[in-house]
Amino acid sequence: MKEVFKDLSPFHVNPDRVWTELNLEAADFEPATTVEKESMVEVRKSVSYWRDAARRFKKNTVSMVALVVFILIVIFAFIGPMAIPYDYEGQIRQAKGLGPNQYSKVEETIKSVEGQFDGFYATSLQRGSFTALNKGDYVINFKGKTYAFTFTEKIKNSIIAVKADEKEPLFIVEETAIRNGEVLMKTPISFTDTAKSEAKELALSKSVFPHVFGTDSVGRDLMARTMYGARVSIIIGMAAALIVLIIGSIYGAISGLCGGAVDFVMMRLVELIYSVPEVLIVLLLQVVLKEPLQAWFESSDSAFVAVLSDLGAGIVSIFITFALLYWVTMSRIVRGQVLQLKEQEYVTAARALGASNVRIIRRHLLPNCVGPLVITTCLQIPSAIFLESFLSFLGLGVSAPMASLGSLCSDALATITLFPYRLLFPGIILTIIVLSLNLVGDGLRDALDPRLKK
Amino acid sequence: MFSYIVKRILAAIATVLLVMTITFFLMNAIPGSPFLTEKSTPQQIELANEKYGLNEPYIIQLKNYVVNYFKGDLGVSLKMQEGADVGTIIFGQNKFLISIKLGLLSLLTSIILGIPLGCYAAYHRGSWIDGLLRVITTVGVAVPTFVLAAVLLIVFAVKLGWLPTLSGSLDNPLAYIMPVISLAFYDICYIAKLTRTSMLDAINQDYIRTAKAKGVKNKWIVLKHALRNSLIPVVTFLGPLTAGIITGSFVVETTFSIPGLGKYFVESVLNRDYPIIMATTVLLASLVIFMNLVVDIVYKFIDPRITYTSKEA
């Protein structure tokens with residue numbers, strides 16, 4: 001290319017100079033190479049709707065933090081139970097009514113005498129102190145094996161002994177038997193597997209997991225129960241939101257698409273349901289549905305009913321409630337979207353090409369109103385969790401062997417003056433779940449539908 | 001206007017009737033008779049059915065039930081206080097009065113605190129107080145009522161011993177503080193949020209700019225122009241607010257063991273005392289429906305631009 005182009009800055013162009021002084025000819029030009037051409041192309045890759053929304057969402061610090069918090073809670077609820085040695089229904093007899101971060105009696109005793117037994121560990125059954133035993137070595141023959149261990153004054157009137165690497169022998173050595181030089185054994189005593197395995201861990205001088213949230217009055221670990229309850233609450237919330245999503249969007253889409261008399265009738269029904277105070281009806285449904293549901297669970301033996309039966313009548317009636325009453329908001333939103341969208345040209349084009357109503361809904365309408373659907377569904381989850389915990393707190397909803405955050409709080413209410421933390425831990429977790437989901441929902445609304453931004 | 005009000009009243013009555021019908025049929029959907037216990041003999045059941053008119057066809061039963069309800073005969077308790085008249089239980093034993101007192105106090109508290117807080121936050125938008133209020137209101141709408149009630153109970157009644165609980169003495173005005181705060185907190189936060197948003201909306205309107213151009217002081221702009229227009233969404237919230245306070249009262253009265261209608265309703269639900277459940281549900285539902293009706297009519301007066309005919313078409 002000619003040197004003269006170098007000072008042809010667009011701001012200093014003097015047309016006279018260009019056309020008279022430069023004196024250019026066609027031969028002075030040469031075609032640009034492909035590389036040169038490409039370097040001039042300034043087209044950005046088209047950004048998809050979701051990528052665009054994700055970018056907006058990532059910019060929103062509050063929502064991102066809320067999302068991280070929610071993910072942490074999900075990990076706590078779903079993976080946590082694998083990480084701690086307790087389960088939600090195991091009752092540890094020696095660990096009734098413990099405060100936060102305490103060890104069960106078994107573990108405490110074990111901790112106090114730890115290291116004094118060669119390959120054994122021992123624990124007291126807490127029947128008062130025993131001081132008559134002298135320090136010394138004892139030898140026990142048990143099942144053809146000889147075990148040796150030492151008593152100290154810390155040991156009370158009977159001990160439980162187990163060899164560290166063996167599974168089965170877990171026995172009580174009676175005080176009198178030891179004194180006579182014999183061994184009287186009671187096997188096995190009913191420790192939970194958790195307590196046994198814990199005892200083993202300790203014998204191998206590993207550290208034992210404390211009851212971080214304490215235990216309840218029958219010796220169940222509260223952290224395990226809180227994790228379990230959070231899991232139940234989250235699953236119920238999501239399932240209920242899904243039910244609302246499915247029913248609400250189908251109803252709304254049909255209503256909006258058909259229009260006319262169908263729409264009129266369908267929307268009157270929505271208005272009626274809307275005007276009924278739903279929580280009162282929910283309470284009523286909880287009472288009324290229980291017996292028929294249980295009868296149904298017992299009479300039917302299909303796999304689906306078995307799953308429902310495991311969930312319990314309380315949870316199933318929560319789902320039924322959502323299916324009956326809570327889809328109306330969703331259906332209104334979808335109907336509004338559909339009414340707006342069905343006037344679009346591409347829908348007319350699809351119809352002209354002979355597409356069926358079902359196809360139009362599936363291919364054209366639903367994908368285009370996915371934003372509001374996602375937002376409403378996401379905000380439905382915390383409200384479902386709220387409702388479930390409300391019902392469980394009142395003694396409805398989740399029933400006995402199961403636990404949810406609401407039922408944990410309800411259980412704790414009776415002893416609230418003595419053990420306030422029993423209500424506080426599940427209560428705080430519940431608050432954090434609802435708060436983080438609310439904030440994530442707000443962020444999604446801003447990201448997916450910037451027009452709605454407050 | 002008049003025809004609109006008549007229409008709304010008719011719709012409200014229809015909704016009450018709908019609730020009564022739903023309640024009635026749900027109660028009848030329970031297998032077996034509500035009078036059926038392990039001990040009852042066929043003769044006893046027959047007698048009970050006769051006595052309560054349960055042998056009639058459902059439609060007649062429903063008619064009798066509705067007619068009796070409007071006559072003030074709400075039925076007879078089956079389990080909780082056997083044989084006692086439900087109307088007497090609800091209204092005669094101060095239960096309704098306590099709950100209404102509590103509910104009205106909470107309603108007033110949430111409005112009296114919520115609106116000024118929202119205004120203040122909007123007026124001082126971006127200040128640290130606005131930020132603090134935003135955090136509090138955001139967290140506030142996520143705290144379940146029973147958690148808040150329990151925390152208040154632990155801190156102020158058990159640990160500090162500052163406030164008495166209502167179960168002890170109903171005459172002590174201090175005893176109302178904790179239940180009212182627990183009931184109203186969510187609504188205070190919600191109303192504050194709502195007011196702030198709609199206030200900020202209103203501030204961007206043309207008439208505010210005009211007022212500013214005229215040289216009206218900021219304070220008067222907020223009070224005379226922005227506030228009045230931003231109150232409309234708050235008024236619509238009054239319906240859900242009433243419903244929320246009623247359901248909240250179930251939890252709060254249970255937590256603080258207040259002998260009100262809410263606690264009684266929960267107990268009757270747990271005991272399956274069907275006539276009480278039915279009567280209370282219909283009563284509370286009517287209350288909510290009535291509140292919604294009032295809101296709709298008030299709304300029309302506040303903002304005559306709203307034409308319901310076009311909205312409904």
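This is a predicted model: local features need pLDDT of at least 70, side-chain atom pairs count only at pLDDT 80 or more; totals for chains, interfaces and linings use all residues.

Reader: How many residues of chain A are in contact with chain B?
Author: Contact here requires heavy atoms within 4.5 Å. On the chain B side, 43 residues take part. Their partners in chain A number 39 residues.

Reader: Which three residues supply more than any other three of the area that chain A buries against chain B?
Author: Chain A and chain B bury about 3,600 Å² between them, 83% of it on carbon and sulfur atoms. Of the area that chain A buries against chain B, 17% comes from one trio. These three residues are A:Leu280, A:Leu284 and A:Val287.

Reader: How many nonpolar residues has the side of chain A that touches chain B?
Author: By class, this side has 8 polar and 4 charged residues. Between chain A and chain B the count of salt bridges is 0. The nonpolar residues on this side of chain A number 27.

Reader: At which residue does α10(B) bend?
Author: A straight helix of 38 residues would span 56 Å at 1.5 Å a residue. Helix α10 (residues 218-255) of chain B spans only 45 Å between its end C-alpha atoms. A bend of about 45° is found in α10(B), at B:Leu227.

Reader: What is the N to O distance in the salt bridge of A:Asp52 and A:Arg56?
Author: Both residues, A:Asp52 and A:Arg56, lie in helix α3 (residues 49-59) of chain A. They are 4 residues apart, about one turn of the helix. Their side chains meet in a salt bridge, with an N to O distance of 3.1 Å.

Note on methods. Residues are numbered from 1 along each chain as its sequence is written. Chains are lettered from A and ligands numbered from 1 in the order in which they are written. Side-chain values use heavy atoms; hydrogens and water are left out. Buried area is the accessible area (1.4 Å probe) that two parts lose on being put together, summed over both. A salt bridge is a side-chain nitrogen of Lys or Arg within 4 Å of a carboxyl oxygen of Asp or Glu. Ala, Val, Leu, Ile, Met, Phe, Trp, Tyr, Cys and Pro count as nonpolar, Asp, Glu, Lys and Arg as charged, and the others, Gly among them, as polar. Helices (H or I, at least four residues) and strands (E, at least two) are DSSP runs, numbered from the N terminus. The expected span of a helix is 1.5 Å times one less than its number of residues. The bend at a residue is the angle between axes fitted to the seven residues ending there and the seven starting there.
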